[in-house]
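Please keep the sequence and the model at hand while reading.

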Amino acid sequence: MTEDARSATSPGGHPGNAVLPGKTTADSETQNLERQNCSVYDGSEHQHFLDKLETRIKGHDREIEKMCNFHYQGFVDSITELLKVRGEAEKVKVQVVSTNKQLQDSGKEMVSRMEELNRCLVQQRNIATTIDKLTLCLPVLKMYSRLNDQMKAKRYYPALKTLDILEHEFLPKVIQNRFSRIMMDALPKLRQQIRDVSMSDLKDFLESIRKHSEHIGQTAMRQAEQQRGLDSSAPHKGCGPDAHLGRKDGGSSSEVEGDTNSPASEQDSGILEEDDDDGEEEILNAQDLVDFSPVYRCLHIHTVLGARDKFENYYQQQRRQQARLVLSAQANMHETLEGYKKYFNQIVGFFVVEDHILHTTQGLVNHAYMEELWAMALSKIIAVLRTHSSYSTDPNLVLDLKNLIVIFADTLQGYGYLVNQLFDLLLEIRDQYCEVLLKKWAAVFRQLFDEDNYTPILVNSQEEFRNVTNQFPLVDVALEEESFPKKIPFSQFVPSIFAQVKEFTQACLKFSEDLHLSSTEVDDMIRKSANLLLTRVLSSALQSLIRKTHIGLTELVQIIINTTYLEQSCKHLEEFVTDITSVSPETVHTTKLYGTSTFKDARHTAEAEIYTKLNQKIDEFLQLADYDWMLVEPLGHASDYLVDLVNFLRSTFFVFTHLPGKVAQTACMSACKHLASTLLQLLLNPEVKQLTMGAIQQFNLDLLQCESFASSEPVSGLQGETLQLAFIDLRQLLDLFMVWDWSTYLADYGQPNSKYLRVNPGTALVLLEKMKDHSRKSNIFSQFRKNERDKQRLIETVAKQLRSLASNTAPH
């Protein structure tokens with residue numbers, strides 16, 4: 001561009017304000033060119049377009065040059081004016097610099113003030129921010145401090161709640177702070193510490209509850225025992241699991257979740273002391289003695305910590321182990337009732353605690369766990385009681401054990417436990433109790449027999465007579481009409497035995513109480529036990545008594561009399577059993593008492609023993625017999641030993657007047673037969689080698705004494721001819737030898753009406769041989785040789801015939 005052109009376009013030049021000539025035309029042309037250019041590119045006149053364009057450029061250059069030449073002077077003027085302005089601009093610049101320096105110098109203090117103000121504003125903003133942060137942090141720090149105080153005070157329940165609030169509400173607001181992260185890291189350790197401490201408290205509680213289970217069970221059983229004595233409709237506190245807990249309810253774990261201001265409650269051992277000084281009649285529930293807060297506390301803590309299942313398993317495992325310890329009985333438990341009480345108290349205490357835990361903790365233990373635990377305990381209890389009760393020999397201890405088991409069962413039944421097996425066990429113990437009673441009464445019977453004097457009871461007044469009849473049902477009108485003093489036929493052991501049998505049945509009845517048995521079952525039990533007493537114990541004692549060596553004929557007679565009266569009293573025993581059981585013996589399937597057969601058997605044994613002892617006494621007298629079998633002439637009177645024997649028999653059979661008639665008659669007949677048989681054996685004794693006629697005559701005198709006794713009717717109702725039949729064999733034998741009537745004997749032998757029908761040829765031969773041996777050695781007939789020879793010949797002939805008869809009659 002030329003200088004003129006620039007001058008023409010400058011703002012100071014006047015020409016610049018004129019409109020350039022041809023501008024509109026150029027624009028028009030340009031537009032035309034553009035249109036042509038488009039058409040050129042669309043058509044085939046490219047070169048022609050370029051030529052036209054070059055011509056147009058040259059034209060514009062000429063116009064530009066004209067325009068610059070036209071504006072040059074204005075351009076020069078503008079430059080001149082601009083140079084003038086530069087000087088003024090320098091002055092203005094100096095003034096501006098000076099003014100700026102003055103302004104800077106003047107604003108330094110303000111800047112300093114502004115910077116100070118800015119710093120203050122920053123500090124103010126920081127303080128506000130700090131206040132806001134502290135407003136958030138202070139509750140956290142305060143809550144953490146409170147948590148530490150609660151941990152130090154061992155108030156773990158509120159500490160756990162504080163910890164949860166701190167973790168979930170406060171710390172998230174200040175999580176960007178470093179101290180909050182430190183706190184967050186410390187919270188799990190605090191939780192673990194709380195868990196450990198709560199478990200430690202639980203362990204202390206479990207240990208304490210194990211030691212105090214006996215006291216808890218004793219209280220529960222005492223309440224159950226008292227409840228049995230009260231009207232079933234009367235309200236009574238503490239008799240079951242639903243009873244209200246008066247001292248420390250602890251109804252559910254939720255009740256102990258709140259804050260508590262008593263640190264001591266956190267350390268409670270679990271056992272509350274009974275208040276014995278209040279003087280009130282209110283009976284504390286067994287659960288009132290226990291503070292269950294350690295369990296609730298530990299359960300809640302583990303629930304919050306998400307370890308409830310672990311805690312439940314731990315608690316149940318520990319209680320199972322404690323149950324096994326409680327159920328293990330001491331080896332000498334059966335020796336005293338206190339041993340059984342301690343055993344039962346511990347078991348009851350254990351299950352009372354578990355029942356309360358079941359109803360107040362909502363799932364710590366469940367019914368399945370309780371049923372399993374009780375089933376295990378029940379089987380162990382039954383095994384222990386079955387073993388230890390079998391060792392007991394004291395019926396009073398067994399009865400006390402039964403009552404204790406009943407109270408034990410009633411107590412646990414009141415808490416909902418099934419105890420049917422315990423009552424089944426009592427039926428087993430009932431049999432053991434019966435055996436123990438039988439052993440005791442066996443000793444009682446022996447003592448009564450040993451202490452009895454075996455003489456009729458002598459009473460001197462109506463009062464003494466009434467005392468006897470009160471003990472024994474004696475009905476004897478004739479005896480009642482007699483004047484005092486009078487004799488009651490039986491001895492003292494009759495009323496004593498009768499009273500002891502009644503006492504035995506009452507002892508059996510005591511055991512059947514509270515066993516939930518019907519009256520028929522009780523009656524059947526008592527009758528069976530009474531039958532065992534009568535048929536086994538009393539029968540054995542009577543049999544042993546009868547066979548004792550020191551029991552003589554008089555005692556045996558009294559025993560027979562006694563057993564007769566006891567047999568008659570059996571119907572009164574039946575009535576007594578009916579009275580105490582209210583079951584008639586006529587009821588179908590009712591067991592009958594077998595006392596009648598017992599006393600009959602004993603009487604028969606005594607009768608047989610009388611026969612035996614009477615024969616033994618006869619043998620003792622006959623052992624004193626000292627016959628001179630070579631006697632030439634008889635003494636003229638019966639032998640002394642035989643006279644004494646007859647007198648003994650007379651006195652003995654006089655005593656037999658109180659015996660039943662057949663017994664005395666049988667005894668008398670048996671004694672006479674035994675006497676005759678023994679006398680015959682004396683004659684036939686192999687040691688007696690020789691025998692004289694004088695000895696036979698003396699023997700005949702003794703036989704006459706026996707026959708005289710037999711004919712004197714020593715026993716009422718027994719004719720003399722009957723007793724004399726006992727001596728008929730010996731009488732005919734002696735008559736045959738004294739009359740020497742061999743021709744008649746031999747002629748009539750075997751005939752039903754023979755004079756010597758009872759003489760056996762063998763017996764006669766033995767006796768004849770002894771006389772023949774004597775005749776050969778005797779010199780009495782030496783001066784009558786012919787008679788001697790005839791006698792010897794006769795003896796030989798008779799002996800030969802007797803020998804023949806004996807061989808024919810001998811059994812083949």
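Which residues of α24 are buried? The buried residues of α24 are L730, R731, Q732, L733, L734, L736 and F737, where buried means under 20% relative accessible area, exposed over 50% and partly exposed in between, computed with a 1.4 Å probe on protein chains only.

The model is predicted, and local features need pLDDT of at least 70, side-chain atom pairs count only at pLDDT 80 or more, and totals for chains, interfaces and linings use all residues. Residues are numbered from 1 along each chain as its sequence is written, and side-chain values use heavy atoms, with hydrogens and water left out.

## Helix α24 and its end

Helices (H or I, at least four residues) and strands (E, at least two) are DSSP runs, numbered from the N terminus. Helix α24 covers residues 728-739, and its 12 residues reach 16 Å from the first C-alpha to the last, close to the 16 Å expected at 1.5 Å a residue. The expected span is 1.5 Å times one less than the number of residues.

W740 follows α24 and is found in the loop between α24 and α25 (742-748). The phi of W740 is near 60 degrees, a positive value in a residue other than glycine. W740 also belongs to a cluster in which ring pairs link F737, W740, W742, Y745, Y749 and Y756.

## Backbone features in other loops

Most residues other than glycine have a negative phi, and most peptide bonds are trans. Y454 has a positive phi, near 55 degrees. The loop that holds Y454 runs between α12 (420-451) and β1 (457-459). Y454 counts as buried because its relative accessibility is 6%.

A cis peptide bond joins F484 and P485, with omega about -10 degrees. P485 is placed in the loop between α14 (477-481) and β2 (486-488). K486 lies over the face of F484, at 4.4 Å from the ring centre; a charge sits over a ring if NZ of Lys or CZ of Arg is within 6 Å of the ring centre and within 35 degrees of the ring normal.

S639 lies in the loop between α19 (595-622) and α20 (640-655). With 12% relative accessibility, S639 counts as buried. Leaving aside residues up to four places away in sequence, S639 touches Y627, Q698 and D702, a contact being heavy atoms within 4.5 Å.

## Aromatic pairs

A pair of aromatic rings is described by the distance of the centres and the angle of the planes. Rings of Phe, Tyr and Trp (its six-membered ring) pair if their centres lie within 6.5 Å; planes under 30 degrees apart count as stacked, over 60 as edge-to-face and the rest as tilted. The structure holds 28 aromatic pairs. Among them is the pair of F351 and W374, which is edge-to-face because the ring centres are 5.1 Å apart and the planes stand at 85 degrees. F351 lies in helix α9 (residues 337-360) and W374 in helix α10 (residues 367-389), so this pair ties together parts 23 residues apart in sequence.

The rings of F621 and F648 have centres 5.4 Å apart and planes at 35 degrees, so this pair is tilted. F621 belongs to α19 and F648 to α20, so the pair ties together parts 27 residues apart in sequence. K617 lies over the face of F648, at 5.9 Å from the ring centre.

| Residue | Relative accessible area | Class |
|---|---|---|
| F351 | 1% | buried |
| W374 | 6% | buried |
| F621 | 15% | buried |
| F648 | 17% | buried |

## The largest pocket

On a 1 Å grid over the protein atoms alone, a pocket is an open set of points where a 1.4 Å probe fits, with protein on both sides within 12 Å along at least five of seven lines; lining residues have an atom within 4 Å of a point. The largest pocket has a volume of about 350 Å³, a volume being the space filled by probe spheres set on the points, which are joined across faces, edges and corners. Its lining comprises 18 residues, of which E371, W374, G416, Y417 and L418 lie nearest the centre. Helices α9, α10 and α12 each supply at least two residues of the lining, and α10 gives the most, with 7 residues.
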